[in-house]
Amino acid sequence: THSGVVESAVEKSQAAFRGWAALSLEERRGCLEKCRVALQDPSAQLAVLISRETGKPLREAKLEMAAVIAKFDLTFADGEQYLRDTMVADGPHPALVRRHPLGPAAVIAPYNFPIHLGHGAAVSYLLAGNTVIFKPSPLAVNTGLAYAQAMQTGLPSGVFEVVPGWGEMGKSLCSHPVV
């Protein structure tokens, strides 16, 4: 059932959250660097899979994967700017602003960019210390599963879960109280 698959993924994601959130920004970035390497591995053939499954020309699928790889550095730069503790000295009292991850996040990928659009959100959530439950488009599920497998090679167990399915699966995932 939809709820059983979602419940299992949420439980794994929630169980992994505390340990993932406790890692430093540098440690999380190191894990994400491993994900980048896995996504760049020619044997993954992700651009070919995107092309075959969506009908997108191979040239465009290769451009999508280039954007996926570039997103790592863009996210890392944002993380340096927005995820570090910040001193606020210009108010009436000095303060330290700390950002804390919130927990499992759902990422639902669309058909037209089956990796790129979901990946941008996923990498941001992961770098910030949240775990991710990824739902690929049912019209590009093989691409989504291959992407998830590559991401999982660089991350601790449970940090990046995947739940394939149609709209009801996404609805169950997004309405889960933990997500």
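Helices (H or I, at least four residues) and strands (E, at least two) are DSSP runs, numbered from the N terminus. Residues are numbered from 1 along each chain as its sequence is written. You're looking at a predicted model, so local features need pLDDT of at least 70, and side-chain atom pairs count only at pLDDT 80 or more, while totals for chains, interfaces and linings use all residues.

**Stop 1: Leu139.** Select Leu139 and you land in the loop between β4 (132-135) and α6 (141-153). Leu139 is partly exposed, at 46% relative accessible area (buried is under 20%, exposed over 50%, partly exposed in between, with a 1.4 Å probe and protein chains only).

**Stop 2: the largest pocket.** Now select Leu23, Leu25, Arg28, Leu83 and Arg99: of the 14 residues lining the largest pocket, these lie nearest its centre. A pocket here is an open set of points on a 1 Å grid over the protein atoms alone, where a 1.4 Å probe fits, with protein on both sides within 12 Å along at least five of seven lines; lining residues have an atom within 4 Å of a point. Which helix gives the most to the lining? Colour α2 (residues 25-40): that helix gives three residues.

**Stop 3: Tyr82.** Hop over to helix α4 (residues 58-82), where you'll find Tyr82. Is Tyr82 buried, partly exposed or exposed? Tyr82 counts as partly exposed, because its relative accessibility is 46%.

Notes. Heavy atoms only, no water.
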